[in-house]
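Hello,

Here is the structure I promised to pass on. Please open it and keep it beside you while you read my notes below.

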Amino acid sequence: MIIIGELINGMFKDVGRAIVNKESDVIQHLAQDQVKAGATVLDVNTGPYSKNPKDDMKWLIENIQKVTDVALALDSTKADVIEGGLKLVKKKAIINSTNADEAKMESIFGLAKKYNAQVIGLAMDKTGVPNNKERRIELAATIVAKAMDFGISAEDLFLDPIVLPVNVAQAQGREILESIREFRLLCDPAPNTTIGLSNVSQGTKHRPLVNRTFLVMAVASGLTSAILDPLDKELVDAMITAELILNKNIYCDSFLDAYRKR
Amino acid sequence: MPVELVKEKCVGGINTVEIGRMGGKTVKIGGETCLPFLYHEGTMPNKPLIAMEILDQEPSDWPGAIKDSYGDTLRDPAAWAEKCVKQFGANILCVRLESVHPDYGARPADQVIPVLRSIISKAGVPLVILGSGDDEKDNEVMPKVSQALKGENCLIGTATQNNYKTLAATCLADGHSIIAESPIDINIAKQVNILISDMGFDPARIVMHPTTTSLGYGMEYVYSIMERARIAAFIGDKMLAMPFVLFVGQEVWKTKEAKETSVTQGVNWEISTGVTMLQAGADLLIIRHPDAARALVKYVDEMMKGAKS
């Protein structure tokens with residue numbers, strides 16, 4: 001399971017403040033803590049209030065790479081912000097993200113090809129987020145086809161069914177889980193799948209429990225990566241246990257410890 | 001139309017363990033990135049080694065087939081060791097400290113250490129050193145042995161799930177590598193590796209003994225466990241990425257098929273078991289009969305012909 005740590009996001013108050021005040025130690029601690037907790041990739045997002053996202057992205061990447069060498073997921077809606085980041089990364093990055101719109105895909109897959117990056121493909125387009133699995137699969141297939149046109153391999157593609165909060169879109173849970181299973185069948189070798197996990201519990205009272213339960217169900221449906229809070233130890237423990245039950249790792253009494261030593 | 005072979009790509013590899021005094025003669029085992037001898041999928045940078053097994057005193061219950069091949073040298077462990085190296089070409093030896101066992105002499109460490117020193121001086125090759133199999137006695141003697149041989153960078157065994165702390169601590173302090181043993185159980189094999197590495201032991205200095213069984217006595221089960229561990233290691237399980245050691249001689253020469261018929265059958269029994277273990281992923285075999293050792297060395301050389309360095 002590829003764990004993409006979500007905490008370096010200007011949307012969070014402490015991170016937003018650290019970006020404005022250039023407090024590199026705040027960002028570096030967050031990076032190190034997430035990696036220590038099991039993150040294999042770190043999402044980097046300057047947040048909605050950044051006045052100069054291009055420079056802020058650059059500053060974040062430079063400071064993160066001073067303390068860790070894990071891969072980064074460059075999270076921005078702006079292609080120039082992503083391109084600026086791609087020029088700086090030391091390891092193969094993930095572009096977060098494209099949707100199924102033609103122009104967006106052209107731009108993002110072009111960057112992915114140029115800089116040898118991976119791409120998260122959101123199963124949505126300018127008409128919005130689908131409300132059933134059929135439409136999600138259709139959009140995901142469009143993204144897969146476009147990626148292939150650009151010569152991007154399936155393993156470098158992360159298809160995201162778009163997770164919606166359970167309290168406002170309860171009927172979508174099953175559609176999303178079934179979409180994950182179907183996405184894996186779109187091509188051979190199978191594309192990766194990912195979700196922005198925390199979205200499922202947005203506005204609910206028992207957020208960790210909802211996150212944890214949904215993640216386990218998604219892993220059972222074939223999820224191969226997730227953007228989540230790796231500092232939630234119970235969440236990561238549940239994910240490790242789910243993968244163990246699916247026979248992805250060999251059991252031993254210290255299986256949680258063993259997974260973290262990987 | 002030509003058939004295209006399916007090739008497995010791996011993300012992990014087996015650790016390389018070096019045994020022997022730095023600056024002196026050393027050997028390396030492990031380092032593979034493919035299942036045994038499948039060179040189109042990866043590399044086997046170090047060939048599997050055949051270590052001849054000797055005891056620290058004259059063996060009391062070894063069958064005549066083996067005793068006859070060594071003759072009088074069996075009475076003197078250093079001469080025995082020297083014969084293995086000079087006459088049979090051994091480049092690594094395994095010394096089992098049988099004399100420490102309460103049933104076979106209960107010798108204290110200060111009587112065993114001079115024997116080991118004389119073996120080292122006569123043989124001059126890297127050593128695997130095994131305790132007697134009696135936990136209590138081994139925990140008393142092995143730390144002293146380990147300390148006396150500090151710098152020799154031996155491979156010392158065996159640590160088990162219920163008795164690993166003393167040996168791991170002493171090997172760690174004295175710079176030796178360690179054998180982690182499990183009872184034909186992949187879950188316990190992984191657990192012992194974790195327990196030892198949690199003590200601060202470098203996982204790259206652990207060699208696994210998954211338990212050996214002889215041909216005819218459940219060898220296939222050991223094979224399946226080794227293969228499963230290997231595949232897990234190749235897909236990234238670092239707690240199973242250790243080389244394997246197999247005590248083939250010890251197991252084979254217990255069986256009536258090896259002991260009670262002809263010498264040829266006994267030797268062939270040891271060769272067959274050894275070859276199977278090599279095909280399962282063994283990196284180091286401990287062998288008792290010189291003819292079996294010679295045949296297995298030849299087999300390895302033959303199988304390594306296609307290896308890329």
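First, a term: a helix axis is a line fitted to C-alpha atoms over the stretch in contact, and the angle between two axes is taken between their N-to-C directions. Keep in mind that this is a predicted model.

Start with chain B. Helix α3(B) covers residues 109–123, and helix α4(B) covers residues 135–148. They pack at an angle of about 35°, and their axes lie 10 Å apart. The crossing of α3(B) and α4(B) is right-handed. From α3(B) come Ala109(B), Val112(B), Ile113(B), Leu116(B) and Arg117(B). They meet Val141(B), Lys144(B), Val145(B) and Ala148(B) of α4(B). Seven of the residues in this contact are nonpolar, two are charged and none is polar.

Helix α10(B), residues 263–280, packs with helix α11(B), residues 290–303. The angle is about 35°, with the axes 9 Å apart. This crossing is right-handed too. Among the residues of α10(B) in the contact are Val267(B), Ile271(B) and Leu278(B). Facing them, α11(B) brings residues including Ala295(B), Tyr299(B) and Met303(B). The contact of α10(B) with α11(B) holds 10 nonpolar, two polar and two charged residues.

Next, how do the chains meet? In chain A, 10 residues are in contact with 16 residues of chain B. About 1100 Å² is buried between the two chains, and carbon and sulfur atoms give 51% of that area. Which residues of chain A lose the most area to chain B? They are Ile250(A), Lys261(A) and Arg262(A), which together make up 55% of what that side buries.

Then look at charge. Side chains of opposite charge can pair when their charged atoms come close. How many salt bridges cross the interface of chain A and chain B? There is one. It joins the side chains of Asp198(B) and Lys261(A), at 2.8 Å from N to O. Five residue pairs are in polar contact between chain A and chain B. The side of chain A that touches chain B has four nonpolar, two polar and four charged residues.

Over all chains, the structure holds 27 salt bridges. One of them pairs Glu106(A) with Lys146(A), at 2.7 Å from N to O. This pair links distant parts of the chain, 40 residues apart. Glu106(A) sits in helix α5 of chain A (residues 102–115), and Lys146(A) sits in helix α6 of chain A (residues 133–149).

Best wishes

Definitions and conventions: Residues are numbered from 1 along each chain as its sequence is written. Chains are lettered from A and ligands numbered from 1 in the order in which they are written. This is a predicted model: local features need pLDDT of at least 70, side-chain atom pairs count only at pLDDT 80 or more; totals for chains, interfaces and linings use all residues. Side-chain values use heavy atoms; hydrogens and water are left out. Axes are lines fitted to C-alpha atoms, for helices over the stretch in contact, and angles run from 0 to 180 degrees between N-to-C directions. Helices (H or I, at least four residues) and strands (E, at least two) are DSSP runs, numbered from the N terminus. A crossing is left-handed if the near helix is turned anticlockwise from the far one by less than a right angle, and right-handed if clockwise. Contact means heavy atoms within 4.5 Å. Ala, Val, Leu, Ile, Met, Phe, Trp, Tyr, Cys and Pro count as nonpolar, Asp, Glu, Lys and Arg as charged, and the others, Gly among them, as polar. Buried area is the accessible area (1.4 Å probe) that two parts lose on being put together, summed over both. A salt bridge is a side-chain nitrogen of Lys or Arg within 4 Å of a carboxyl oxygen of Asp or Glu. A polar contact is a pair of N or O atoms within 3.5 Å; within protein, one must be able to donate a hydrogen and the other to accept it, and residues adjacent in sequence count only if both atoms are side-chain atoms.
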